[in-house]
Amino acid sequence: AAAEKGGYDHFMLKEIMEQPNAIKSTIEPRIQNGEVVLDDFSLTDEDLRQINKIMITACGSAFYAGSVGKYVMEELCRIPVEADLASELRYRNPLVDEHTLLVVVSQSGETADTIAAMKECKARGARILAIVNVVGSTIAKLADHVIYTWAGPEIAVATTKGYTTQVAVLDMLAVYLARRLGKLDDQRNKELVEAILQFPSLIQRAIDLNPNLPALAQKYHGHNDMFFIGRNVDYAASMEGSLKLKEISYLHSEAYAAGELKHGTIALIEKDRPVIALACYEALFDKMMSNIKEVKARGAQVLAVVLEGNRQIFAEADDVIFVPRTEALFNSLPEIVPLQLFAYYVARANGCDIDKPKNLAKSVTVE
Ligand code: G6P
């Protein structure tokens with residue numbers, strides 16, 4: 001069993017460390033001559049003109065990957081993008097038709113609610129693009145187009161490389177569609193493609209920059225409630241960071257859009273309450289600093305997640321996690337990696353069964 005885990009104590013840690021390679025396998029074949037090329041997604045110009053809305057659907061972490069995709073795609077493509085939970089979408093008589101591109105995200109390709117949502121939208125005429133890890137799975141078979149994530153088999157119940165390869169594909173899809181829609185000039189396209197090519201080393205650096213995560217986990221693991229806050233792509237990443245912690249450490253945690261704090265959550269901030277503040281998205285850094293001050297004023301302990309080199313944060317934060325710089329819209333990718341490790345070490349400190357958390361299944365094939 002130790003050999004299967006490649007010398008690591010858990011599959012989860014092995015899979016976290018495999019992320020630079022998993023992402024490399026996922027992106028490299030799809031960048032050719034400075035352009036994102038998605039051979040598996042054969043859209044004619046006429047097909048493309050037909051699309052007036054993109055809808056992303058999934059469950060669990062795949063939904064949170066989709067939530068990152070919503071921000072990135074809408075910003076770059078300038079068409080409306082919605083992300084909706086499959087279990088909600090399927091039962092809500094959705095406004096979906098032949099002008100909708102439905103992007104279905106699933107590691108296993110077998111999640112029952114995701115399959116049902118996909119069938120519902122297919123029946124209404126939507127074009128279906130699936131982002132799937134397991135080759136030949138049900139979702140891959142039912143979709144009009146499939147872009148595989150090449151993460152390799154994922155054994156730990158809590159997804160890590162499955163999620164980050166999904167985010168990498170969604171980032172690439174955004175650039176690809178934006179380019180085809182004429183929304184990216186050569187220069188901007190070049191910058192984004194170069195940033196994508198850096199993803200494997202970016203992820204490695206996100207791991208290497210944070211050797212203090214086991215110590216941080218020792219400091220924070222005894223708390224019963226934590227809050228994650230962020231804005232824009234930081235908010236999308238915070239939802240996955242919070243889910244990781246819940247899944248494997250059984251700590252209660254909640255992710256909030258930082259601007260929503262004052263509409264309720266702030267009532268729960270008291271002395272020593274941990275708040276994990278994701279503040280990598282620089283355009284909104286000042287807004288995040290205000291939120292950090294608000295929670296600090298109520299006694300919270302702030303663990304801030306900021307870009308490498310940020311010194312301003314030391315004025316407020318109790319502890320800092322550093323994330324290497326990339327294109328602002330792609331921040332959530334390096335940002336999630338130390339949060340996966342944080343959840344891992346917290347669960348470890350609490351003696352949890354990390355690879356097989358109680359009550360959870362790797363793939364939920366019942367409704
Ligand atoms: C389960 C897993 C999650 C996963 C979700 C969706 O709940 O425990 O890690 O995100 O299903 O699975 P899928 O295979 O569709 O990505």
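Trainee: Which residue in S5 does Ile 56 stand opposite?
Mentor: Ile 56 stands opposite Val 103 in S5, and the two strands concerned, S3 and S5 (residues 100-106), pair in the parallel sense over 5 bridges. Strands here are DSSP runs of E with at least two residues, helices are runs of H or I with at least four residues, and both are numbered from the N terminus. Two strands count as paired if DSSP finds at least two bridges between them. Keep in mind that this is a predicted model, in which local features need pLDDT of at least 70 and side-chain atom pairs count only at pLDDT 80 or more, while totals for chains, interfaces and linings use all residues. Residues are numbered from 1 along each chain as its sequence is written.

Trainee: And how many bridges pair S3 and S4?
Mentor: S3 and S4 pair over 5 bridges, in the parallel sense, with Ile 54 standing opposite Val 81 in S4. To get from S3 to S4 the chain passes through H4, and this β-α-β crossover is right-handed, meaning that, with the strands pointing away from the viewer, the path from the first strand over the helix to the second runs clockwise.

Trainee: Why is S3 largely enclosed by the rest of the structure?
Mentor: Strand S3 (residues 53-58) is largely enclosed because 5 of its 6 residues are buried. With C-beta atoms placed from the backbone, a residue is buried if 20 or more other C-beta atoms lie within 10 Å of its own, exposed if 12 or fewer, and partly exposed in between.

Trainee: Switching to the ligand, how many residues surround it?
Mentor: There are 15 residues around the ligand, and the closest are Gly 60, Ser 61, Ser 106, Ser 108 and Thr 111; a residue is near a molecule if its C-beta atom, placed from the backbone, lies within 6 Å of it. Helix H4 (residues 60-77) gives the largest share of this shell, 3 residues.

Trainee: How many of the shell residues are nonpolar, polar or charged?
Mentor: The shell divides into 5 nonpolar, 9 polar and 1 charged, where Ala, Val, Leu, Ile, Met, Phe, Trp, Tyr, Cys and Pro count as nonpolar, Asp, Glu, Lys and Arg as charged, and the others, Gly among them, as polar.

Trainee: Where does Arg 78 sit, in terms of H4 and S4?
Mentor: Arg 78 is in the loop between H4 and strand S4 (81-85), and this residue has a positive phi of about 55 degrees although it is not a glycine. Most residues other than glycine have a negative phi. Arg 78 counts as exposed, because it has 11 C-beta neighbours inside 10 Å.

Trainee: What order do the 5 strands of the open sheet follow?
Mentor: The order is S9-S8-S10-S11-S12, with parallel pairing. Strand S9 (252-257) and strand S12 (319-323) stand at the edges with a single partner strand each, so one side of each is left without a neighbour in the sheet. From one strand to the next the twist averages 20 degrees, taking axes as lines fitted to C-alpha atoms, for helices over the stretch in contact, and angles from 0 to 180 degrees between N-to-C directions.

Trainee: Which strands does helix H12 touch?
Mentor: Helix H12 (residues 233-249) packs on the sheet and touches strand S8 (225-230), S9 and S10, its direction making about 160 degrees with that of S8. Contact means that the C-beta atoms of two residues, placed from the backbone, lie within 7 Å.
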